[in-house]
Amino acid sequence: MANKLNLAVFVSGRGSNLKAILNRNDLLPLVTVKGVFSDKIDCPAFEIAREFSIPTFHISFSTKTPYDVASVLIAEFKSLDIDLIVLAGFLKLIPGTVIKEYRDKIINIHPALLPSFGGKGMYGMNVHKAVFKSSAKVSGATIHFVNEIYDEGKIINQKAVDISALKSPDEIAHRVLEVEHLLLPDTIKLFANNKIKIINNRVEILN
Ligand code: GRF
């Protein structure tokens with residue numbers, strides 16, 4: 001069997017997407033979560049990492065320059081032999097040096113259907129409130145590559161949900177989160193099985 005895919009997962013809050021990855025038994029033979037990284041030392045997601053005996057790394061994004069953050073991250077990724085970096089509810093910007101070094105190896109989950117409802121400030125409930133206010137009838141989750149601009153990297157995978165009968169941003173958030181918990185592990189599995197290819201500047205999922 002091919003080597004397992006080594007993952008670094010970045011979190012800032014609750015960590016339900018991290019948990020969804022760790023609870024997916026079909027991923028176990030394919031991937032290893034080598035480390036969980038956060039800018040917040042006391043985030044609940046770190047508790048989840050510890051429950052699964054995964055090393056946690058607190059990176060202080062506010063007291064270091066982007067250059068210093070980048071050096072720390074790249075050094076850790078190299079020592080852990082990281083293949084894929086997964087931003088699962090991570091709120092800080094990854095420094096450009098890291099993005100360059102790990103081009104097309106960093107993915108993010110966004111709780112709406114990009115390219116709509118993305119960009120700076122569009123995170124958490126802000127997204128769902130904007131979707132609700134727009135009167136859109138579908139929302140969903142998007143997995144995309146991370147580039148230098150918030151939420152603008154190439155789209156890898158998406159799943160839509162019908163929100164036409166939902167009555168509040170909270171209801172939308174709840175439904176979209178259910179979809180996120182499937183889409184993120186499913187997409188990581190596609191990476192582990194080498195099914196994600198960039199062809200003519202588009203992301204294709206092979207059969
Ligand atoms: C998710 O909705 C994710 O899409 C967004 O932030 C939320 C994180 O939730 N980027 P959790 O920490 O995984 O529970």
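I started at the ligand and listed the residues around it: R14, G15, S16, N17, G89, I109, P111 and E180. A residue is on that list if one of its heavy atoms lies within 4 Å of the molecule. Before going on, I noted that this is a predicted model, where local features need pLDDT of at least 70, side-chain atom pairs count only at pLDDT 80 or more, and totals for chains, interfaces and linings use all residues. I also noted that residues are numbered from 1 along each chain as its sequence is written, and that side-chain values use heavy atoms, with hydrogens and water left out.

**Entry 1: ligand distances**

I looked up the polar atoms next. A polar side-chain atom of S16 sits 2.5 Å from an oxygen atom of the ligand. For N17, a backbone N or O atom is 2.8 Å from an oxygen atom of the ligand. At I109, a polar backbone atom lies 3.3 Å from a nitrogen atom of the ligand. How much of the ligand's accessible area does the protein cover? On its own the ligand has 360 Å² of accessible area, and the protein covers 88% of that. Such areas come from the Shrake-Rupley method with a 1.4 Å probe; for residues, only the protein chains shown count as cover.

**Entry 2: S12**

I then checked S12, which is in the loop between β1 (5–11) and α1 (16–22). Helices (H or I, at least four residues) and strands (E, at least two) are DSSP runs, numbered from the N terminus. S12 is buried, with a relative accessible area of 5%. My cut-offs are under 20% relative accessible area for buried, over 50% for exposed, and partly exposed in between (1.4 Å probe, protein chains only). The S12 side chain makes a polar contact of 2.9 Å with the side chain of D39. A polar contact is a pair of N or O atoms within 3.5 Å; within protein, one must be able to donate a hydrogen and the other to accept it, and residues adjacent in sequence count only if both atoms are side-chain atoms. Not counting residues up to four places away in sequence, S12 touches S38, D39, K40, C43, G89, F90 and L91. Contact here means heavy atoms within 4.5 Å.

**Entry 3: the cores**

Which members of the largest nonpolar core touch the most other members? I found L7, V9, V86, I107, L184 and I188, out of 43 residues. Helix α6 (residues 169–192) gives the most to this core, with eight residues. Apart from it lies another core, of 22 residues, including F57, F61, F90 and I106. By a nonpolar core I mean a set of buried Ala, Val, Leu, Ile, Met, Phe, Trp, Tyr and Cys residues joined through side-chain atoms within 4.5 Å.

I followed I188, which belongs to helix α6. I188 is buried at 0% relative accessible area. Beyond its neighbours within four places in sequence, I188 is in contact with L5, L7, I21, L27, V31, V86 and I107. I188 and R175 are 13 residues apart in sequence, and their C-alpha atoms are 21 Å apart in space.

With residues up to four places away left out, the contacts of L7 include V31, T32, V33, I82 and I188. T32 is in strand β2 (residues 31–38), and is partly exposed at 28%. T32 and I82 are 50 residues apart in sequence and 9.5 Å apart in space, C-alpha to C-alpha.

In α2 (residues 44–51) I found A45, F46, I48 and A49 buried. Seen down the axis of α2, these buried residues fall within an arc of 155°, so they line one face of the helix. The arc is that of the directions from the helix axis to the C-beta atoms. β1, α1, β2 and β3 (56–58) are among what covers them. Just after α2, S53 has a positive phi of about 55°.

In α5 (residues 125–134), V127, H128 and V131 are buried. They cover an arc of only 90° around the axis, which puts them on the same side of α5. The buried residues of α5 pack against β5 (106–110), β6 (138–145) and α6. S135 follows α5, with a positive phi near 75°.
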